Amino acid sequence: MAEWFQDNGLLLGLALLDGLSSAGLIFLVAVGLNLVFGVLRIINVAHGSLYAIGAYTAASIGLFLSTRGLPQWAALPVLLLSAALVGAVLGPLIERFILRRIYAGEEVVQLLVTFALFMILEDVQKLLWGVQPIHHDAALKLLGTIDVPFGSDFIPFTNYQLFVLPGFAIVTLIGLAWFLRRTLTGRVIVAVTTDREAATAMGIDAAKVFLLTFTFGAMLAALGGALSSPTAALVPGIGAQTIVLSFAVVATAGLGQIEGAALTSLMMGLGRSIAVYFEPELEVVVPYIIMVLVLLVRPQGLFGVIETRRV
Amino acid sequence: MTATLTRREALAAGFGTVLLPATLSAQPAQRPAEFRIGVTTFLSGPASVFGVPSRRACEMLIEQINAAGGLAGVPVRAIFVDEGPGTDHLVGEIRRLVQAEGVHAVFQSISSGSCLACTPLSRELNKVMLLWDCGTQRIFEENRYDYAFRTQGYATPEVLAPLLYLLRKKPDIRTLAVVNQDYAWGRDSWEIWKTAMDALKPGVRVVAEMFPRFGSTDFSTEITRLLALRPDVVYSTSWGGELVTFIRQATERRLHERTTFVLPVAEASLQILGRNMPEGHIIGARGDHWNNHPAPANPELFRSFVSAYRQRFNEYPIYPCHHMAQAVWALKAAVEKAVATKSGGWPSDAELAAAFRGLTFPTPTSTITLREDGQGLEDQIVGMSHIDPNFGFAVPREMMRYSAAQVSAPVGQKSVDWLKTLTPAMVQQAGTAL
Amino acid sequence: MRKLEFLLALALAGAMIAAAIAAPWLRFVLTIALAKGIAVMGILLLLRAGQVSFGHALYIAFGAYTVAFLAPRLNDAVLLLVVAAGGAALLGLVIGLFVTRYRQIFFGMLNLAMCMVFYSLLEKLYHITKGSDGIRVEIMPVAGQALDRIAYEWTIFGIALALAFALGALLRLYLVSPMGEALKGIKTRETRLEFMGVPARGVLLAAYVVSAGVGGIGGALIAMTSRHVTPLLSYWTASGELVFIAILGGAGGVLGPFLGAAAYELIRVYAAASFADAWQMILGTALLLVILFAPGGLWGMAARAIGGRSR
Amino acid sequence: MSEALLRASGLHLAFGGVRAADGIDLDVMRGEFLAIIGPNGAGKTTFINMTTGYLKPHAGEIAYEGRRITGLSPRAIVRLGIARSFQLPQLFLEHTVEQNVALAVASREGIWSPLVPLLRPGYREEARDILDRFGLSAIADTRADALNEGARKLADIAMAVALKPRLLLMDEPTSGVAASEKMAIVETLVTVLRDAKVTAVFVEHDMDVVERFADRVAVWSQGRIAALGPPAEVLADPAVQREVIGIERHAATPEAPHA
């Protein structure tokens with residue numbers, strides 16, 4: 001064991017750095033899904049589409065502005081604004097005109113509505129942006145790289161992936177925690193998450209909370225997409241890939257639990273990067289293994305609360 | 001697997017012989033009002049980066065052919081079908097194309113999985129099928145088809161040519177890593193490479209074998225590992241968005257300074273990569289149709305195809321467009337040949353199929369011969385990436401052409417068996433500089 | 001109502017046979033529809049208990065690959081159907097022992113995880129499964145009779161139709177039996193079952209095993225019809241598709257899955273034929289319209305049209 | 001009425017700081033009707049929950065027919081012959097009243113038949129018979145989610161009775177039932193139970209009901225039994241009147257769960 005560490009300790013260190021940045025991205029997407037699920041009790045399959053649209057929008061706005069000679073430093077703010085724009089437009093549209101009609105329906109119907117939305121948005125996205133990979137990495141280039149020492153060698157990492165992605169995840173986590181615990185709106189959201197009936201009985205305007213939460217969730221999805229856009233080429237199908245991982249995070253984390261989502265994302269991000277170093281063939285199934293193991297020990301999810309049944 | 005397949009194959013062939021005489025021979029063929037082609041290609045999902053441009057090329061060429069009087073005087077119409085929804089859907093669609101739409105020929109498909117599933121239908125439906133883009137060597141090495149032909153090269157030459165080029169240009173490589181997409185093409189192309197490399201240059205050490213999930217958007221971890229390992233060569237047959245992502249993420253972190261990339265399928269991504277493609281890495285095009293081909297056989301035709309496509313879609317055609325064009329040209333040549341054989345009469349399906357066997361048809365860059373087993377012989381050109389200001393993206397230089405016959409497994413031999421028989425001497429013998 | 005349902009089933013079967021005679025390629029599409037309908041009956045069963053499995057494509061893929069792997073050795077369609085059903089049921093028992101401990105999202109997501117793990121295995125174990133290329137299935141004898149292609153296709157179509165009737169009839173009995181009604185009890189008042197001495201988990205497990213078994217049958221029929229199996233059969237969107245069909249058809253009666261599957265396949269084929277690059281959007285829109293304006297699904301519409309109640 | 005059917009000794013259970021059971025010792029005699037009264041939060045429902053296996057006491061044990069049942073699952077306890085009804089009726093909302101009761105019959109007789117209808121002749125008649133005795137025949141085909149509170153309550157008890165228990169624990173069987181019907185309903189209930197020789201424990205807030213139908217009454221207060229004896233004696237006790245009944249007559253809010 002000690003010998004193994006001597007041989008592989010440095011690699012493990014690299015895996016840690018890689019894992020952090022991928023965990024950051026996983027978290028940003030999954031936390032929005034989890035928040036929406038906590039409040040609306042809907043697993044939003046279209047969350048993945050919002051991620052994709054956020055990414056595409058950020059890349060196209062970025063590309064458009066860069067041809068207009070926008071200063072370099074603006075690349076990062078553009079990402080954030082694009083995400084906000086996508087969330088603020090699509091979120092309310094979807095919530096008001098579609099989801100609102102099915103809150104009373106069965107769980108499966110709600111799930112399916114978002115599945116239908118997902119199918120529609122996949123094609124919309126293809127019609128709008130075509131199928132050729134789109135790539136805009138001004139933000140990545142802007143921040144450059146940093147050389148991390150590795151024995152007698154060094155490994156260049158991009159600052160964007162090493163600092164910006166995990167940084168945003170941490171800021172989002174802290175900001176969300178503060179928002180949910182310290183602001184009135186946040187507490188109302190938490191109240192609806194923990195006990196919807198009691199909260200509405202107390203006169204909380206559920207419709208407003210739903211709208212707000214969904215819009216917020218949509219923004220987080222779009223933010224995840226926008227932040228991923230400098231590092232990845234955008235192609236049809238990225239939404240489907242992203243959402244299925246987020247599902248696993250939500251179930252593992254526990255309903256509506258943001259700290260749970262953070263810890264789960266970290267576990268999955270690290271698990272996957274360690275797998276790439278030592279057993280690459282396992283990388284794809286690592287998230288599911290983590291999920292099954294966690295649920296075996298804690299059936300309600302990592303941070304989930306057992307829902308008491310009234311008798 | 002060989003044993004079972006041959007047995008199943010024999011069984012299937014048995015059925016075939018029972019069926020064939022009854023259904024195909026005696027049909028008097030009438031000159032149709034239009035010649036319909038069913039085309040399967042990816043219109044959704046990640047591979048639509050190939051599918052949509054190829055569809056455009058197909059539509060453009062058909063317009064041109066119709067404007068020039070059609071196929072032996074018959075106007076052509078294409079009916080497109082999406083490969084995206086999966087094989088069970090596609091198999092049904094092929095039947096619909098043949099039985100409901102009454103197509104006269106089927107062009108299929110991009111995915112090797114689609115080809116493997118659908119090509120046997122050519123036997124059941126007695127309809128000409130042109131495999132216009134898929135690369136799997138299994139099609140004609142494990143089966144015999146009377147109605148199916150591949151109008152371009154396939155995996156073995158497409159992998160072997162870049163390997164020969166690498167060994168010619170960098171004879172003393174010692175270590176290599178592979179990063180391929182985790183699906184059949186990624187695995188097959190690695191098996192071909194590894195087998196050939198062990199025969200041509202024994203002793204090269206494989207330091208990492210990585211097959212990230214198909215459709216991955218983040219290769220940071222793989223790249224970190226490669227940076228730490230410093231292999232002499234990184235081999236990848238990835239394509240589409242994944243190749244673009246991989247190259248951009250890798251160059252951002254200067255992996256290209258530590259290693260040489262060998263990218264046999266790079267051509268389709270170079271335009272999108274633009275100036276982000278590093279220079280001096282080995283790139284392939286699954287054929288010889290580079291946009292900067294120095295000496296195309298028919299410069300006039302080559303220029304007109306490329307410029308018509310550019311004019312219309314505001315981008316250069318990529319290899320799937322050329323492959324689609326090859327299928328169209330092959331069809332044109334075969335129909336004309338069959339009509340000529342019947343001295344003006346219209347050929348039946350069987351007669352049309354017969355016209356394809358052994359057919360040599362011209363392409364703008366060269367000629368392609370459909371050999372006896374149905375496999376097309378297409379030359380391969382490989383080169384070093386170099387940003388050409390005329391194009392604004394990377395094109396190859398120091399190009400070498402490998403003639404198809406040199407780098408394809410002979411008829412009746414399995415690629416992997418044949419590759420094992422290669423010797424290091426081949427490196428210096430094969431290929432001619434352009 | 002019972003009589004009407006039977007007459008409607010006969011009419012549907014008649015229409016299918018007529019369509020299959022009129023257009024040979026429809027025979028293929030309809031056989032697939034029947035196979036999916038059979039699998040969706042399993043989804044319906046679980047929906048009775050209020051549980052949505054987002055991973056039942058696993059059993060379809062399992063059934064299909066059973067046929068693909070065993071066809072060279074057990075070269076008979078009838079035998080393979082039995083083995084596929086039994087194998088899938090057995091797999092369902094093993095997985096069911098684990099997943100029936102969970103409800104709602106956890107149930108759905110764990111099924112999804114199992115399905116995705118299976119998908120990854122099919123892709124990763126390239127040397128056994130041929131990865132995404134998949135495995136081809138040749139025409140096989142049926143009950144010892146070697147058949148030519150046309151006869152074979154008709155026979156499989158006939159078997160699918162007969163199985164649809166037989167399994168549909170059995171499912172009808174199941175749904176109104178104590179086990180079936182207890183299943184429905186899980187949806188509304190699971191704890192009461194325990195206080196009546198009934199192990200709710202056992203009731204759900206039984207239904208889960210049955211649903212896995214019919215999934216295996218559906219998958220085997222799909223493999224025998226499309227005669228080529230790929231890992232895509234087990235991708236999560238394929239599972240979504242099954243739930244989609246269940247809701248499209250209506251969860252009210254055993255005819256629902258078949259109405260849904262036929263409609264789904266036909267819409268998909270025609271949408272793909274007329275709008276090759278927007279068929280997802282058309283399917284999604286169809287589903288959305290059904291959910292929003294015809295909550296009982298197609299079966300609900302049919303039941304209303306003939307003046308009955310959709311029980 | 002000589003031998004204890006159920007014997008609880010030294011039961012302790014606390015939720016956070018609240019002692020829901022703080023040393024409960026109680027014998028329930030074979031054949032008796034034992035009423036439990038007490039203010040909200042005294043631990044009455046907790047006692048039923050512990051007896052039926054829903055909650056596990058931190059200390060102490062419960063024996064039924066001389067056999068220790070603490071730690072058994074609700075399922076196992078039902079099979080021994082202890083059934084219960086609920087303060088908030090626990091009906092299968094998407095089933096009709098008849099199906100609800102038939103399900104209970106089936107649970108007793110064997111649920112594991114997948115191909116014979118639930119409403120087969122034997123089960124259906126028994127369910128009808130029980131509904132008849134509870135005066136619920138008219139609503140036999142009504143879905144449970146469409147019932148009024150009183151009918152739900154009765155259907156809930158009917159389901160428990162259908163299990164043919166030897167000991168029946170009822171949590172506020174008359175709450176939610178209109179005052180005008182209450183006595184008649186309890187009358188039928190008692191007749192049904194006496195015919196079937198069922199021992200019954202019931203939590204009750206209506207002192208008239210207690211006085212008229214209970215053989216003994218136990219007064220719960222802060223997790224303890226404050227008094228136990230025949231109703232006439234206990235209800236006459238000034239302390240009980242002050243602490244329990246006085247509060248009872250004014251407080252109408254239902255007890256919180258598990259408390």
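**Loops and a contact**

Trainee: I found Lys197(D) in the loop between α6 (179–195) and β8 (199–203) of chain D. Is Lys197(D) buried or exposed?

Mentor: This is a predicted model, where local features need pLDDT of at least 70, side-chain atom pairs count only at pLDDT 80 or more, and totals for chains, interfaces and linings use all residues. Residues are numbered from 1 along each chain as its sequence is written, with chains lettered from A and ligands numbered from 1 in the order written. Helices (H or I, at least four residues) and strands (E, at least two) are DSSP runs, numbered from the N terminus. With C-beta atoms placed from the backbone, 20 or more others within 10 Å make a residue buried, 12 or fewer exposed, and anything in between partly exposed, so with 9 such neighbours Lys197(D) is exposed.

Trainee: Nice! What about Glu65(D), what is its phi near?

Mentor: Glu65(D) lies in the loop between β4 (59–64) and β5 (67–68) of chain D. Because it has 16 C-beta neighbours inside 10 Å, Glu65(D) counts as partly exposed. Its phi is positive although the residue is not glycine, with a value near 50 degrees.

Trainee: Which element gives the largest share of the side of chain B that touches chain C?

Mentor: Contact here asks for C-beta atoms, placed from the backbone, within 7 Å. By that count, chain B brings 35 residues and chain C brings 32. The elements of chain B giving two or more residues include α1 (2–23), β2 (76–82) and α4 (112–125). The largest share, 10 residues, comes from α3(B).

Terms used:
Contact = placed C-beta atoms within 7 Å.
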